[in-house]
Amino acid sequence: MAAFIAKQMVGDKLSSVTGAIGKEGGEESKDGEDAESAELEEARREMEEKRKEKHRKMEEERETMRQGIRDKYGLKKKEEIVEEEPDPMSEGRVGRRKKTPAELAAEASKDEEDEDEFAKFPTNLNELSAKVSEIPAKLAQGVGEVTQKCVLQ
C-alpha cells in the first residue's frame with residue numbers, strides 16, 4: 001500500500017520531469033518517434049532473418065553429416081511426416097498444432113472401440129455380484145480337474 005502511494009506521489013512529478021527533458025532540446029515531433037520505431041522494427045526483422053538463415057545453414061550442415069553417417073553404416077533414413085502447407089500463423093506458436101479432420105476421425109473411432117470394450121461388463125450390480133460369486137466355484141472346479149490329471153510320485 002505504501003509503495004502504491006509513493007508511486008502515485010512520485011509518478012506525477014517524474015512524468016513532468018521526463019516530459020521537460022524531452023522538450024528542452026527542442027520539441028520532438030511524433031514523426032521522429034515513428035521513424036525511430038520503424039527503424040528499430042526493421043533492425044529487429046533483419047536480425048530475425050539473419051538468425052533464421054544461420055539456423056537453416058547449421059541444419060543443412062548437420063543433415064550432410066547425418067547422411068554421411070547413414071552412408072558409412074548403411075542406415076536408412078526415417079520417414080518424415082511432411083505437412084502439405086504450414087500455417088503461417090503457427091510459425092512462432094508455442095502450443096501444440098491443430099489436428100486434421102482425419103486425425104480427429106481416427107481418434108473418435110478409437111474412442112468408440114473403447115466404449116464397445118466396456119459394453120461387455122455388466123452394468124447391473126446384481127449381475128456383477130452373481131458373476132463374482134461364481135468365481136470361487138469355477139476356480140475350485142479348475143483346480144480339481146488339474147489335480148486329477150496330475151500324478152504325484
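How much accessible surface does the protein chain have, and what share of it belongs to carbon and sulfur atoms? The total is about 15200 Å², and 58% of that belongs to carbon and sulfur atoms. Accessible areas here come from the Shrake-Rupley method with a 1.4 Å probe, and for residues only the protein chains shown count as cover.

Before the details, some housekeeping. This is a predicted model, in which local features need pLDDT of at least 70 and side-chain atom pairs count only at pLDDT 80 or more, while totals for chains, interfaces and linings use all residues. Residues are numbered from 1 along each chain as its sequence is written, and side-chain values use heavy atoms, with hydrogens and water left out.

Now the fold. The protein chain has 4 helices and 0 strands, so the pattern along the sequence reads α-α-α-α, given that helices (H or I, at least four residues) and strands (E, at least two) are taken as DSSP runs and numbered from the N terminus. Of the 153 residues, 1% count as buried. Buried means under 20% relative accessible area, exposed means over 50%, and partly exposed is in between, with a 1.4 Å probe and protein chains only.

Next, the salt bridges. Side chains of opposite charge can pair when their charged atoms come close. The criterion is a side-chain nitrogen of Lys or Arg within 4 Å of a carboxyl oxygen of Asp or Glu. The whole structure contains 11 salt bridges.

I will take three of them. In one, Glu60 and Arg56 meet with N to O at 2.3 Å. Both residues sit in helix H2, 4 residues apart, about one turn of the helix. Glu60 is partly exposed because its relative accessibility is 43%, and Arg56 is also partly exposed, at 38%.

In another, Arg62 pairs with Glu59 at 3.6 Å, N to O. These two also lie in helix H2, 3 residues apart, about one turn. Arg62 has 40% relative accessibility and so counts as partly exposed; Glu59, at 35%, is partly exposed.

Then there is Glu63 with Arg66, whose closest N and O atoms are 3.1 Å apart. Glu63 and Arg66 are separated by about one helical turn because they are 3 residues apart in helix H2. Glu63 is partly exposed at 24%, and Arg66 is partly exposed at 34%.

Which residues are linked in a network of salt bridges? They are Glu59, Arg62, Glu63, Arg66, Arg70 and Lys77.

Last, the patches. A patch is made of residues with over 30% relative accessible area and no salt bridge; like charges are joined within 9 Å, and nonpolar side chains (Val, Leu, Ile, Met, Phe, Trp, Tyr) within 5 Å. Lys and Arg count as positive, Asp and Glu as negative, and His and the chain ends are not counted. Each charge is placed at NZ of Lys, CZ of Arg, CG of Asp or CD of Glu.

Glu33, Asp34, Glu36 and Glu39 form a surface patch of negative charge. Of these, Glu36 is found in helix H2, residues 30-73, and is partly exposed at 48% relative accessibility.

The nonpolar patch on the surface consists of Leu125, Leu128, Val132 and Ile135, with about 390 Å² of accessible area together. Leu125 lies in helix H4, residues 125-149, and counts as exposed because its relative accessible area is 62%.
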